[in-house]
Amino acid sequence: MSLDSVTQSVDQAVSGFFEPIATWLGEVVFYSVSVGGAELPLIVAWLVVAGLVFTGWFGFVQIRKFRLAVDVVRGKYDEKGSAGEVNHFQALTAAVSGTVGLGNIAGVAVAVSIGGPGATFWMILCGLLGMATKFVEVTLGVKYREVHADGTVSGGPMHYLPKGLAERFGAGGKKLGKVLAVLASFMVLFFGLFGGNLFQINQSYAQLVSVTGGEDGLMGSSAGALFFGILIAALVGIVLLGGIRSIATVTSRLVPAMAGIYIAACLVVILVHVTAVPAAIGTIIEGAFNPEGVAGGVLGALIIGFKRAAFSNEAGLGSAPIAHSAVKTKHPASEGLVALLEPFIDTVVICTMTALTIVIANPASWAEARKDPESIGGVTITSDAFETVLPWFPYILTVAVLLFAISTVLTWGYYGLKAWTHLFGRSRTSELTYKVVYTLFAITGSLLTLQTLIDMADAVLFMLAVINIIGLYLLAPVVKRELNSFLEFVRARNAGETAEGDEDQESVKTTV
């Protein structure tokens, strides 16, 4: 029996078993209501409302404290002797690598096709609101993290939900928090294996095949798929064995490199068509309130823009606090401020650059997609936009996709590890078992699609947003206190009243 027939049989068997579950789960989690002729998934509204609430609650912190956030990333307020494993910049790049990916390339193309150019405006607005949500969840992630005896750190919703709720609401909050922590761990683990690993490998392999001659080309065979899977799995396994320090070292180089390559290509297209930039910006703004996309209507453009931004930056889902919790700091809010830069980079900068490139280049495939929903493509529209100026760009896009995919796989490997150890313990055997399983999943990513499980993983991850944001509302007063504490430290440091290392060590629980 050939490898092709084996993988196809596995694909069909898995899909046949899980498809009814995935369909039901998707209908529940992404339940939509009709608003002005457009379908609004309630989970997207839930995320956007959270961004609005936290933006107001913290007085537009994403705008007022943006410069301070940049200063923190630069290391201006670092303190000697802080618990943690990585610096602010490394924590930021590790988290960004988990959100910047194919959604920024293919997802944006879908948004401006269905919602028209105006969807870009609403995508930017949603990204700005998401900055406040990210600030809140990451501050809590650092506040309630655990620093283990070996110096490693664990954080995320599986830690701040039980600890924070117990602290605020006593025994009842503790019991509820423990249940929510188990659910959160399962959701993060499931998405990590299928959405953060298998899907990324599968899509990057598909792009590689497309530029190497298709199914009849060098990489189109089952042997090519297996070779690619083993190669990527080996790279991921080696880095994953090194823990967050190793992941952060790689992503701190990989993320700026991949973002730089992609943004540079966008700028080339924009500069070649520089005279068209004012008109393109005008089209985006006008389209936000008078759209002509497939969805139709202002609400259609708004919903599509919000939906793509929510799926792209993951603000409120509870995933990013896992990476940010490893930062070296004594003030949780310092990393919360760093984290608010994440949706800005992911959505406001990279997604906007993609949208602007497509609108300016106006490739034929985009024009066709806006007329016919059945013809809407993702990465092909973006690739065609670049190809109008850079005929060889599909090869560069392949490099970008590979870098996006590898960095995402690495970060979700770490997220999944923290969920796994919360469920099954932190023994060396337990951790090694997870890393072997995760690496094997990377190999199968180039051989199998398992689309049904990937769809399930998306639904499970967004279920986490419901649990997570309830916790954020209940623990927002804690975040307010932490922000005031850090701002007082900043004032004192700027006035020369404190020196590095003068502050007391943060109160964290150390476990064996």
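Just after helix α20, glycine 496 adopts a positive phi of about 80 degrees; helices here are DSSP runs of H or I with at least four residues, numbered from the N terminus. This is a predicted model, in which local features need pLDDT of at least 70 and side-chain atom pairs count only at pLDDT 80 or more, while totals for chains, interfaces and linings use all residues. Residues are numbered from 1 along each chain as its sequence is written, and side-chain values use heavy atoms, with hydrogens and water left out.

Helix α20 itself has 44 residues, yet its end C-alpha atoms are only 53 Å apart, short of the 64 Å that a straight helix would reach at 1.5 Å a residue, the expected span being 1.5 Å times one less than the number of residues. A kink of about 55 degrees lies at leucine 475, shortly before proline 477, where the bend is the angle between axes fitted to the seven residues ending there and the seven starting there.

The largest nonpolar core holds 158 residues, of which Phe58, Phe135, Leu140, Phe194, Tyr415 and Phe486 touch the most other members; such a core is a set of buried Ala, Val, Leu, Ile, Met, Phe, Trp, Tyr and Cys residues joined through side-chain atoms within 4.5 Å. Helix α20 (residues 451–494) supplies the largest share of this core, 21 residues.

Elsewhere, histidine 88 belongs to helix α5 (residues 88–99) and counts as buried because its relative accessibility is 4%, buried meaning under 20% relative accessible area with a 1.4 Å probe, protein chains only.

Notes
Buried < 20%, exposed > 50% of the residue type's maximum accessible area, 1.4 Å probe, protein only. Helix = DSSP H or I, 4+ residues; strand = E, 2+ residues; numbered from the N terminus.
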